[in-house]
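Okay, everyone, can you all see the screen?

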Amino acid sequence: MLDPVISVKNIKKSYGKKTVLDGINFEVTKGSIFALLGENGAGKTTMVRILSTLMKADGGVATIGGYDTNRESTSVKKMISLTGQYAAVDGLLTGEENLLMMGRLNHLDRKTVKKRAAELLEQFDLQKAAKKRVQSYSGGMRRRLDIAISLIADPDVIFLDEPTTGLDPRSRKSMWHMIQRLAESGVTIFLTTQYLEEADQLADKIAVISEGKIVEEGTAEELKRIVGEEKVAFTFSDMASCRKARDLLGGQMDVNEWSVIVTTEGSPQNMRGLLNTLHEYGTEPVSFAFRHPTLDDVFMEITSDDKKGAVVSE
């Protein structure tokens, strides 16, 4: 078992009477991607701010590389880098100038800074835009540069607080590939996200946070086993048929798609029984499709806000 590079034990944080973190516990191993998954206001950013020494917890202990984030913050800062939800780059400087400036602020010598800047521009596919002002960059390019800047001092741990917020699907996928390559190079990545697909694609381990508590933790596959069963979605031509099918079969109804989602064994006998029941009562589906458990299903199952998803039970 690898020793954790990040260890969080019973961390608590409140703002006045509002409890934001209520006894948080988890560990992150070196070179892994850890995702803290939750909706807006769940406490993700507060946890990142505590781990990155920008804020002190009200109780509990958090360590990075064995250093206490409260008592040994100087040592912690030498190990980490933080990229916030929005790109913090200087639009009037070029991409290369942004990197060189941050290198000097990190007290790197001129030769090292120049070498690191060239490496990062290549790594993040920004060579062609290196001499252009950042104000001309697209959102995805700014985000890539922001993460490149956070790596200038070669940190052991990088915190990415919702790194794909505001990006289009193509830029988001590109960012995922870059994050995976960073982890493969040995960097430990602490990722916060509200995108279920993002956590599923990237994370070695996921912790689901809701109302300031970790409600479940594990790999994506382990979390999906919480829901477990395969499901089948029957789609109908009108809402009346959809409601009738829900009454006959049970399950959840998606009012947007006019479909009913029910648990199934996936066997021919089970499917024949479901279709025969619908046929017997004169309710024929337009189509049906099997669904394996997803993180969306897990999230709905284990959080208190499960009625906010696409599937709406009446």
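Let's start with Arg 172, whose charged end sits over the ring of Tyr 195, 4.1 Å from the ring's centre. "Sits over" has a rule here: NZ of Lys or CZ of Arg within 6 Å of the ring centre and within 35 degrees of the ring normal.

Before I go on, this is a predicted model, where local features need pLDDT of at least 70, side-chain atom pairs count only at pLDDT 80 or more, and totals for chains, interfaces and linings use all residues. Residues are numbered from 1 along each chain as its sequence is written, and side-chain values use heavy atoms, with hydrogens and water left out.

So how confident is the predictor? pLDDT is its confidence in each residue, from 0 to 100. The protein chain averages 87, and 94% of the residues score at least 70. Helices here are DSSP runs of H or I with at least four residues, strands are E runs of at least two, and both are numbered from the N terminus. Then look at residues 304–314, where pLDDT stays under 50. The model has 22 contacts beyond four places in sequence for that stretch, a contact being heavy atoms within 4.5 Å. Where pLDDT is low, though, the predicted coordinates should not be read in detail.

Now zoom out. The protein chain has 11 helices and 14 strands, and its C-alpha trace spans about 80 × 45 × 40 Å along the principal axes. It is divided into domain 1 (4–225) and domain 2 (229–291), with bounds that come from an automatic or database domain assignment. How far apart are the centres of domain 1 and domain 2? Taken over C-alpha atoms, 42 Å separate them.

Of the 314 residues, 45% are buried. Buried means under 20% relative accessible area, exposed means over 50%, and partly exposed is in between, using a 1.4 Å probe and protein chains only. As for contacts with a separation of 6 or more, residues 24 or more positions apart account for 69% of them.

Is α11 mostly buried or exposed? 6 of its 8 residues are buried, so α11 is largely enclosed by the rest of the structure. Among those buried residues are Leu 295, Phe 299 and Ile 302.

Next, aromatic rings. A search of the whole structure finds 6 aromatic pairs. The rule is that rings of Phe, Tyr and Trp (its six-membered ring) pair if their centres lie within 6.5 Å; planes under 30 degrees apart count as stacked, over 60 as edge-to-face and the rest as tilted. Take Phe 234 and Phe 288: the ring centres are 5.9 Å apart and the planes are at 50°, so this pair is tilted. Phe 234 lies in strand β11 (residues 230–235) and Phe 288 in strand β14 (residues 287–291), so the pair ties together parts that are 54 residues apart in sequence. Phe 234 is buried at 0% relative accessibility, while Phe 288 is partly exposed at 40%. Elsewhere, ring pairs link Phe 26, Phe 34, Phe 159 and Phe 190 into a cluster.

Phe 159 comes up again with Thr 83. Thr 83 is in strand β6 (residues 80–83) and is buried, with a relative accessible area of 2%. Beyond its neighbours within four places in sequence, Thr 83 is in contact with several residues, including Arg 143, Ile 147, Phe 159 and Asp 161. Its C-alpha atom is 47 Å from that of Ser 237, which is 154 residues away along the chain.

Which residues have a positive phi although they are not glycines? Asp 154 is one, at about 55°, and Glu 162 is another, at about 50°. Asp 154 is in the loop between α5 (139–150) and β7 (157–161), and Glu 162 is in the loop between β7 and α6 (169–184). Asp 154 is exposed at 57% relative accessibility, whereas Glu 162 is buried at 5%.

How values were computed:
pLDDT = per-residue confidence, 0-100.
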